[in-house]
Amino acid sequence: MQIDLSGKVALVTGGNSGLGEGIARGLAASGAKVAVNYVTHPETAEALVGSLKAKGGQAVAVLADVSDPAAVAAMFGQVDQQLGPVDILVNNAGIDGGRQLAWESDIGSWQRVISINLVGPYLCAREALQRMVGRKSGVIVNITSVHERIAWSGYSAYTASKAGVSMLTQTLAQEAAPYGVRVVAVAPGAIRTPINQNVWSDPAGLKDLLTKIPLGRIGEVEDIAQMVVFLASDQASYVTATTVYVDGGMTDYPDFSHGG
Ligand code: NAD
C-alpha cells in the first residue's frame, strides 16, 4: 500500500524525541510537510528538521508548551504562516510524572501531568479544528497509552489523563464527523523510547516487561509511526472515534494465557 500525504501539513507535538520523532519522520517520508513542536532541547528539533529537509522534505521547528493556551495559539499561527493550515495534528507530547501513590502525591505534579497530557491535546485540537472544520478536511491522532485502559499503581494522573484523552477523542470525533474531520487515538504498549529507558535498559526490568507482552518483544518507534501514518491517510478514511492499540497484545491479559 502506497501512502501519499504530499501537500498535507502535519504538526507533531513533542516531535523532537522518541515516538514524536519517529512519527515526524514517517509523515515526512510519506510526503507531508512537518512542523516539529518542542518545548526543551531546540537543538534536537532543529537537527530533525535539518534531516527531513536533507531528504527533500519541508519542515519547521516550532516552540510551545502544549499546556499554555497562548503558546499553543502562537504555534498554530506560526505553522499557518510557514507551512499553511494544519491538515494532520498528532497530539503526542506527554509525561508520566514519576511514581507517586495518590495519598503521598504532590498536587502540583499531579496537575502538571493532567495539564500536559490532557489539557494540551484539548488546546491543540481546538486550534486544529478551527482550521479543519471550515475546510471540511483534517485528521487528529491522539497518542494515548494502554493505560487509557490498564490501571497503573503510582501513576493515577497518567492513567486518568490517558483515559481522558480517549473520551476526548470520541467526543471530538462526534463533533467533527459532520465536517469530514476524523479524530482517532493510538494506544502504544511498551515502546523503546527515553520515557521508559530505566525499564528496558535494566535486564531485570526488561524480563518483567516481556512477561506482559504476548508477542514477546518490546515495541519499536516504527511500530507506532506506521500506524499513525496510516490513520492520517485517506486509506483510513472510514476510521474515526476509536482507539487503535499497538501493544503486542499487552491489553490481552497475558496472565490468563495458561488458563486457570
Ligand atoms: P519522550 O519522553 O521521548 O517524548 C515525550 C515528548 O513530549 C518530548 O519531546 C518532550 O519534550 C515532550 N513534552 C513534554 N512536555 C511537553 C510540553 N509541555 N509541551 C510540549 N512538549 C512536551 O517519550 P515517548 O515515549 O516518545 O512519549 C510520547 C508519547 O507516547 C507520550 O504521550 C507518552 O505518554 C506516549 N506513550 C509512550 C509509550 C512508550 O512506551 N514509550 C507508551 C504509551 C504511551
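Begin with Ser 161, which you will find in helix 5, the run of residues 156–176. This is a predicted model, and in it Ser 161 has a relative accessible area of 0%, so Ser 161 counts as buried, the cut-off being under 20%. If you now select the residues around Ser 161, leaving out those up to four places away in sequence, you will find that Ser 161 touches Val 113, Ile 114, Asn 117 and Leu 118.

Next, zoom out to the whole protein chain, which has eight helices and seven strands. Its radius of gyration is 18 Å, close to the 18 Å that the globule rule gives for 260 residues, so the chain is as compact as a globular protein of that length. Along the principal axes, the C-alpha atoms fill a box of roughly 55 × 45 × 40 Å. Buried residues account for 48% of the 260 residues, and, of the contacts between residues at least 6 apart in sequence, 74% join residues at least 24 apart.

Now select helix 1 (residues 18–29) together with helix 8 (residues 221–232), whose axes come within 8 Å and cross at roughly 50°. That angle makes helix 1 oblique to helix 8, and the crossing of the two is right-handed. To see the contact itself, show the side of helix 1 with Gly 18, Leu 19, Gly 22, Ile 23, Gly 26 and Leu 27, which meet Val 221, Ile 224, Ala 225, Val 228, Val 229 and Ala 232 in helix 8. Coloured by residue class, this contact divides into nine nonpolar, three polar and no charged residues.

Notes:
Residues numbered from 1 in each chain as written. Predicted model: local features only at pLDDT ≥ 70, side-chain atom pairs only at ≥ 80, totals over all residues. Heavy atoms only, no water. Axes fitted to C-alpha atoms, helices over the stretch in contact; angles between N-to-C directions. Helix = DSSP H or I, 4+ residues; strand = E, 2+ residues; numbered from the N terminus. Parallel < 35°, antiparallel > 145°, perpendicular 65-115°, else oblique. Left-handed = near helix turned anticlockwise from the far one by under 90°. Contact = heavy atoms within 4.5 Å. Nonpolar A, V, L, I, M, F, W, Y, C, P; charged D, E, K, R; others polar. Buried < 20%, exposed > 50% of the residue type's maximum accessible area, 1.4 Å probe, protein only. Rg over C-alpha atoms; globule rule 2.2 N^0.38 Å.
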